[in-house]
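These are my notebook entries on a single model. I looked up contacts, a metal site, charged pairs and a pocket, in that order.

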Amino acid sequence: MTDARQLYQEVIMDHNKKPRNYGVLADANRSAEGHNPLCGDHIRLSLRVEGDAIRDIAFQGETCAICKASASMMTAAVKSKSVADAETLIQEFRDMATGKLDTHTGAHHLGRLNVFAGVRELPSRVKCAVLPWHTLHAAFCNEHSATTETGEF
Ligand code: ZN
């Protein structure tokens with residue numbers, strides 16, 4: 001097993017055992033649900049956005065391990081960031097997962113999120129990893145539901 005693959009599996013396991021920001025925000029002012037019919041992932045995001053800042057974010061759902069780890073890491077990464085910075089991460093994560101961005105050679109702000117770079121070799125799991133990000137984008141656009149079966153996929 002390569003180091004990258006081992007790190008990936010450790011991160012997935014860690015975030016499934018102890019998902020960060022799991023739950024529903026009582027004082028949310030943005031929310032969206034996401035569906036990935038291919039795998040059966042269903043995720044609900046709630047956020048409190050003040051001005052241009054993401055003050056708080058939480059997720060809940062019935063998902064596979066990859067989707068849950070991605071959602072958990074996403075909430076930790078975008079909390080207290082600006083909406084614009086979060087949109088940059090959404091774009092970079094999608095590009096990484098679909099192979100448009102090579103995180104070894106290209107500039108990006110993904111940090112530890114780049115453990116998901118290996119998902120591009122597992123086409124059936126790309127949508128699992130990207131669903132939370134797609135749902136976050138829907139919440140920013142005031143669309144209340146997102147699916148991996150439309151739009152930019
Ligand atoms: Zn899945």
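Which residues does threonine 103 touch, not counting residues up to four places away in sequence? I found Met96, His108, Leu110, Asn114 and Ala117 as its contacts. I note at the outset that the model is predicted.

**Entry: threonine 103**

I placed threonine 103 in the loop between α3 and α4, the latter covering residues 123–140. I then looked up its accessibility: the relative accessible area is 9%, and because buried means under 20%, threonine 103 counts as buried.

**Entry: zinc site**

I next listed the protein donors of the zinc ion. They are Cys39 (SG), Asp41 (OD), Asp41 (OD), Cys64 (SG) and Cys128 (SG), at 2.2 to 2.6 Å from the ion. Along the sequence I read the spacing of the donor residues as C-x1-D-x22-C-x63-C.

Cysteine 39 is partly exposed, with a relative accessible area of 35%, whereas aspartate 41 is buried at 2%.

**Entry: salt bridges between elements**

I recorded a count of nine salt bridges. As background, I noted that side chains of opposite charge can pair when their charged atoms come close.

I looked at glutamate 62 and arginine 44, whose side chains meet in a salt bridge with an N to O distance of 3.5 Å. Glutamate 62 belongs to strand β3 (residues 53–62) and arginine 44 to strand β2 (residues 41–50), so that the pair links distant parts of the chain, 18 residues apart. Both partners are partly exposed: I have 46% relative accessible area for glutamate 62 and 28% for arginine 44.

I then turned to lysine 79, which forms a salt bridge with aspartate 56; their closest N and O atoms are 3.3 Å apart. Lysine 79 sits in the loop between α2 (65–78) and α3 (83–98), while aspartate 56 is in strand β3, so this pair ties together parts that are 23 residues apart in sequence. I found lysine 79 partly exposed, its relative accessible area being 30%.

Is aspartate 95 buried or exposed? I found a relative accessibility of 18%, and since the limit for buried is under 20%, aspartate 95 counts as buried. The closest N and O atoms of the two residues are 3.9 Å apart; because the cut-off for a salt bridge is 4 Å, I kept the pair.

I located aspartate 95 in helix α3. Leaving out residues up to four places away in sequence, I found that aspartate 95 touches Lys100 and Leu101.

**Entry: salt-bridge network**

I also recorded a network of salt bridges that links Asp27, Arg48, Glu50 and Arg55.

**Entry: largest pocket**

Finally, I looked up the largest pocket, for which I have a volume of about 280 Å³. Its lining consists of 13 residues, and Ala4, Arg5, Val115, Ala117 and Gly118 lie nearest its centre. I divided the lining residues into seven nonpolar, four polar and two charged. Ala117 was already in my notes as a contact of threonine 103.

Note on methods
Residues numbered from 1 in each chain as written. Predicted model: local features only at pLDDT ≥ 70, side-chain atom pairs only at ≥ 80, totals over all residues. Heavy atoms only, no water. Donors = N, O, S within 2.8 Å, 3.2 Å for Na, K, Ca; no water. Buried < 20%, exposed > 50% of the residue type's maximum accessible area, 1.4 Å probe, protein only. Helix = DSSP H or I, 4+ residues; strand = E, 2+ residues; numbered from the N terminus. 1 Å grid on protein atoms, 1.4 Å probe; cavity = no way out; pocket = protein on both sides within 12 Å on 5 of 7 lines; lining within 4 Å. Points joined across faces, edges and corners; volume = space filled by probe spheres on them. Nonpolar A, V, L, I, M, F, W, Y, C, P; charged D, E, K, R; others polar. Contact = heavy atoms within 4.5 Å.
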